[in-house]
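Subject: Structure for you to look at

Hello,

Please find the structure below.

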Amino acid sequence: MTRRAIWKDWVSCFRAKAAWGFTAGLILVGSSSPLLGCEDGIAVPDPENNPGLVADCKALLAARDKLAGNVYLDWDAEAAISSWEGLSVSGSPPRVSRLRLDRRQLTGTLPAELGQLTGLEELALAYNQLTGEIPAGLGQLGQLVVMVLHDNQLTGSLPVELGQLGELSVLFLQNNQLSGELPEELSQLSQLRRLWLHTNRLTGEVPQWLAEMSGLWEVYLDRNQLTGEIPAELSQLSDLRFLGLNGNQLTGKIPPELGRLTGLDTLWLANNELRGEIPAELSQLTNLTRLSLSGNRLTGEIPSWLGQMPNLQSLRLSHNQLTGPIPPELGQLTKLYYLHLA
């Protein structure tokens, strides 16, 4: 039985036996806010010298039922906060530094109170059934390094306030129902390395300002509703390893400038409306292991220089308008395990 259920039973019992002579003073004590329990020394040791952790305690208790929905979370002021499910407390003075509740079947929403956990470094709530929008208040989490909210049912646009997360390195929001354009404020995330936004309902063009995020390793924008051309400016991302733009409505030619991304491991551009020939500059991508250009309107011949990409393991060129012979040079791709030319 939850603490709330116990409290309801206690109140019912009290009302039924009011004639026993309980005083009004007991009613006042019993009905005090559970948030006050964060200051009594049980949930937070030495609360007078740990005001930040007391504030975290109150924020989490205020957020608990909104986040959990119909799932039980053991967050309770009658137990040490360091023992609460999914939490890590660290630092000096101590603060809640991690909140991990992946795969907990949470059915609630993202409470704005989470934005008060200003010592938080990791927020991981993936593989749940959370609904509603991402609260703008999460932009207050100035110490946050990892935000993992993928595989939920989140809606609405990306808050511009996320651009304030100056320490953020990982942003995983894929497999939700997010919509709207990518806010330019995200270009301020100078520490961001991994940006995964695929399988949402994002619109607009692939932003040129992504090139300003010079530390990016991975950009996955697959399976959205993006339009326009692939910006040549992406070639400035010298540390980029993965570029995924599959399953959008992109037009124009493949920018030859992408050949400058010599560290690229994966290039996914399939299932768009790209046209023209495969640019010879891509032959410079000698570290490439996966190249997917299927489902476009590409013309010309299958380039023989593909045989000079020694690390290529997967090559997908199907469902285009390519002509001519299959180059025998493809036989030099000794690491190739998947070849699709249908």
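Two strands pair if DSSP finds at least two bridges between them. Strands (E, at least two residues) and helices (H or I, at least four) are DSSP runs, numbered from the N terminus. With that in hand, R100 stands opposite A124 in β3.

Before the rest, two notes on how the values were made. The model is predicted, with residues numbered from 1 along each chain as its sequence is written, and local features need pLDDT of at least 70, side-chain atom pairs count only at pLDDT 80 or more, and totals for chains, interfaces and linings use all residues. Side-chain values use heavy atoms, and hydrogens and water are left out.

The chain as a whole

The chain holds 3 helices and 20 strands. Of its 342 residues, 48% are buried; buried means under 20% relative accessible area, exposed over 50%, and partly exposed in between (1.4 Å probe, protein chains only). A contact means heavy atoms within 4.5 Å. Among contacts between residues at least 6 apart in sequence, 49% join residues at least 24 apart.

The sheet

An open sheet of 12 strands runs in the order β1-β2-β3-β5-β7-β9-β11-β13-β15-β17-β19-β20, and its pairing is mixed. Its edge strands are β1 (87-90) and β20 (338-340), each of which pairs on one side only. On average, neighbouring strands are turned by 10 degrees against each other, direction ignored. Strands of a sheet pair through backbone hydrogen bonds, either parallel or antiparallel.

This sheet has examples of both senses. β1 and β2 are antiparallel, over 4 bridges, and S88 has R98 in β2 as its bridge partner. The hairpin of these two strands has 4 residues between them, and G91 there takes a positive phi near 95 degrees. β2 and β3 pair in the parallel sense over 3 bridges. Further along, β15 (residues 266-268) and β17 (residues 290-292) are also parallel, over 3 bridges, with W268 bridged to S292 in β17.

In strand β3 (residues 122-124) is E122. Is E122 buried or exposed? E122 is buried, at a relative accessible area of 14%. Leaving aside neighbours within four places in sequence, its contacts are S97, R98, L99, R100, L144 and V146.

What does α3 lie across? It lies across β1 and β2, at about 35 degrees to β2; such axes are lines fitted to C-alpha atoms, for helices over the stretch in contact, and angles run from 0 to 180 degrees between N-to-C directions. After α3 comes G69, with a positive phi near 70 degrees.

Buried residues of α3 include L53, L60, A63 and L67. A nonpolar core is a set of buried Ala, Val, Leu, Ile, Met, Phe, Trp, Tyr and Cys residues joined through side-chain atoms within 4.5 Å. The largest one has 89 residues, and W75, L114, L125, M147 and L210 have the most contacts inside it. α3 (51-68) and β2 (95-100) each supply at least two of its residues, and α3 gives the most, with 9. Beyond four places in sequence, L114 is in contact with L60, A63, L99, L123, L125, L138 and L141. Another core lies apart from the largest one; it has 9 residues, among them V148, F172, Y220 and F242.

Backbone details in the loops

Most residues other than glycine have a negative phi, and most peptide bonds are trans. D46 is not a glycine, yet its phi is positive, about 50 degrees. D46 sits in the loop between α2 (24-30) and α3 and is partly exposed, at 43% relative accessibility. R103, also not a glycine, has a positive phi of about 55 degrees. R103 is in the loop between β2 and β3 and counts as exposed, at 59%. The peptide bond joining S92 and P93 is cis, with omega about 0 degrees, and P93 lies in the loop between β1 and β2.

Regards
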